[in-house]
Amino acid sequence: VSISYQSMRRWQRYLRQLELSLERIKKQFTFAREALIWNWRLHLPSFLHSEQQTYQISLAPPFLNYCYLPLALPPEVHDPFGEQKLCALGLQANTTNS
């Protein structure tokens, strides 16, 4: 599979911008949200990489959210798809909660 020059440049711009935040992300994962916001504001490309494939993606607020389920003591069981979650941001995306 041949990769175009433009595709390689987009990938390099993404990695260059990400490198600016890498040390902070290593210390605390939540700084990844800040790096993604910078990418979005600068209109730079973003990518999602898996073991087999790399995808160019379009970012949209809230960019990065992480949720935890409340601890369910038996006999209670929490539904991971239910409404009760402990999330860093609201579940509705908008540009003010990023």
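Student: Hi! Which residues are buried in helix α2?
Tutor: In α2, which spans residues 31–41, the buried ones are Ala-32, Arg-33, Ala-35, Leu-36, Ile-37 and Asn-39. Buried means under 20% relative accessible area, exposed over 50% and partly exposed in between, with a 1.4 Å probe and protein chains only. Helices (H or I, at least four residues) and strands (E, at least two) are DSSP runs, numbered from the N terminus. This is a predicted model, where local features need pLDDT of at least 70, side-chain atom pairs count only at pLDDT 80 or more, and totals for chains, interfaces and linings use all residues. Residues are numbered from 1 along each chain as its sequence is written, and side-chain values use heavy atoms, leaving out hydrogens and water.

Student: What do the buried residues of α2 pack against?
Tutor: They pack against α1 (5–27) and β1 (46–49).

Student: New topic: how are the rings of Tyr-14 and Trp-11 arranged?
Tutor: A search of the whole structure finds 3 aromatic pairs. Trp-11 and Tyr-14 form a tilted one, 5.9 Å centre to centre with 35 degrees between the planes. Rings of Phe, Tyr and Trp (its six-membered ring) pair if their centres lie within 6.5 Å; planes under 30 degrees apart are stacked, over 60 edge-to-face, the rest tilted.

Student: Is Tyr-14 buried or exposed?
Tutor: Tyr-14 counts as buried, at 11% relative accessibility. Tyr-14 also forms an edge-to-face pair with Phe-47, at 5.4 Å centre to centre and 65 degrees between the planes.

Student: Which parts does that pair tie together?
Tutor: Tyr-14 is in helix α1 and Phe-47 in strand β1, so the pair ties together parts 33 residues apart in sequence.

Methods: Contact = heavy atoms within 4.5 Å.
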